[in-house]
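Student: Before we use any labels for this protein, could we go through them one at a time and set each value against its cut-off?

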Amino acid sequence: MFEDEKKDMLEDVMKTKHQKVPEVSEENGETWKKVAANMNIMLEDEKKDKIDTIIAFDIVIEKNNKQHETEIGDLKALKEKELGECEEEMKGWKRQAERQAEKIETSRINEEEIKCLKLKIEEGKAEINEVKDKQKHFFEQLKEQVECPVCMEIPRGGPVYVCPNGHFVCNKCKRGSCPTCRVAMGTLGTGKSLLAVTVVENIEHSCKFVDCKEFFALDKVDGHEKICQHRTVSCPYVKC
């Protein structure tokens with residue numbers, strides 16, 4: 001808008017500049033000279049006013065240009081700031097994606113390690129069960145060997161007597177001869193087996209009540225039998 005007005009004013013100034021005051025003739029006289037002089041003064045004043053206006057327009061235009069440049073600079077700075085924030089946000093997303101990928105990879109590795117550990121645990125359990133089975137079979141054989149052939153019970157303490165042929169018999173069932181091979185057991189307490197006593201003290205003993213299927217160490221089996229749910233008790237009714 002200011003440029004168009006400035007252009008119009010410049011054209012008016014140029015027109016004013018090239019206007020010529022009519023020459024004074026003898027007929028016009030002094031009056032025409034005064035009129036011409038006044039017209040020249042008016043034209044110069046008008047020209048000066050228009051030039052001042054044009055200068056003012058130049059100042060306004062320059063000020064507007066500077067303001068526009070400032071606004072453009074601010075917009076550029078804002079754009080660069082937003083671009084920087086977007087780049088930082090994208091970098092953050094990238095780092096988050098990388099961490100997530102690392103977690104997934106670590107999780108995959110951990111899953112493989114867990115599978116290997118589970119496999120090892122299962123193998124270890126199988127080995128432990130095998131050892132337990134062997135141990136159970138071994139103790140069953142020991143029980144069979146120390147079981148008294150008379151009362152068919154495993155002794156719960158010593159002494160455990162043994163005949164010259166290696167047959168065991170418990171203390172309460174001991175007689176003069178071996179109940180298995182009929183060989184004399186000996187006198188004066190001879191023929192005691194320390195090995196049998198050691199076995200008796202270290203194996204688990206079954207509860208003496210028929211319906212109970214539990215096994216306990218030698219030092220705990222008596223305590224269990226006192227409170228066993230299958231134990232035989234006296235009926236509280238007098239007429240029972």
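Student: What percentage of the residues in the protein is made up of buried residues?

Tutor: This is a predicted model, and in it buried residues make up 16% of the 240 residues.

Student: Why is the pair of lysine 66 and glutamate 62 called a salt bridge?

Tutor: The label requires a side-chain nitrogen of Lys or Arg within 4 Å of a carboxyl oxygen of Asp or Glu. The closest N and O atoms of lysine 66 and glutamate 62 are 3.8 Å apart, so the pair meets the cut-off. Both residues belong to helix H2, which covers residues 29-146, and because they are four residues apart there, about one helical turn separates them.

Student: What makes glutamate 62 partly exposed?

Tutor: Its relative accessible area is 44%, and since buried means under 20% and exposed means over 50%, a value in between is called partly exposed.

Student: How do you know that lysine 134 and glutamate 130 form a salt bridge, and where do the two residues lie?

Tutor: The closest N and O atoms of lysine 134 and glutamate 130 are 3.7 Å apart, and because the limit is 4 Å, the pair qualifies as a salt bridge. Both residues lie in helix H2, four residues apart, which is about one turn of the helix. Lysine 134 has a relative accessibility of 54% and counts as exposed, whereas glutamate 130, with 42%, is partly exposed.

Student: Which parts of the protein does the pair of arginine 156 and glutamate 225 tie together?

Tutor: The side chains of arginine 156 and glutamate 225 meet in a salt bridge, with an N to O distance of 2.6 Å. Arginine 156 lies in the loop between H2 and strand E1 (161-162), and glutamate 225 lies in helix H4 (residues 218-227), so the pair ties together parts that are 69 residues apart in sequence. Arg156 and Glu225 are also linked with Asp222 in a network of salt bridges, and a search of the whole structure finds five salt bridges.

Student: Is glutamate 225 buried or exposed, and what about arginine 156?

Tutor: Glutamate 225 has a relative accessibility of 7%, and because buried means under 20%, that residue is called buried. Arginine 156, with a relative accessible area of 30%, is partly exposed.

Student: How do you know that the buried residues of H4 line one face of the helix?

Tutor: The buried residues of H4 are Val221, His224 and Glu225. Seen down the axis of H4, these residues fall within an arc of 100°, so they line one face of the helix. The face turned away from that buried side carries the exposed residues Asp219, Lys220, Lys226 and Ile227.

Student: Which residues gather in a patch of positive charge on the surface, and which in a patch of negative charge?

Tutor: The positive patch consists of Lys91, Arg95, Arg99 and Lys103, while Glu44, Asp45, Asp49 and Asp52 gather in the negative patch. Glutamate 44 has its place in helix H2, and lysine 103 is placed in helix H2 as well.

Student: What makes lysine 103 exposed?

Tutor: Its relative accessibility is 57%, and because exposed means over 50%, the label follows.

Definitions and conventions:
Residues numbered from 1 in each chain as written. Predicted model: local features only at pLDDT ≥ 70, side-chain atom pairs only at ≥ 80, totals over all residues. Heavy atoms only, no water. Buried < 20%, exposed > 50% of the residue type's maximum accessible area, 1.4 Å probe, protein only. Patch = residues over 30% accessible without salt bridge, like charges linked within 9 Å, V, L, I, M, F, W, Y side chains within 5 Å. Areas by Shrake-Rupley, 256 points an atom, 1.4 Å probe, with all protein chains shown as cover. Lys, Arg positive; Asp, Glu negative; His and termini not counted. Charge placed at Lys NZ, Arg CZ, Asp CG, Glu CD. Arc of directions from axis to C-beta.
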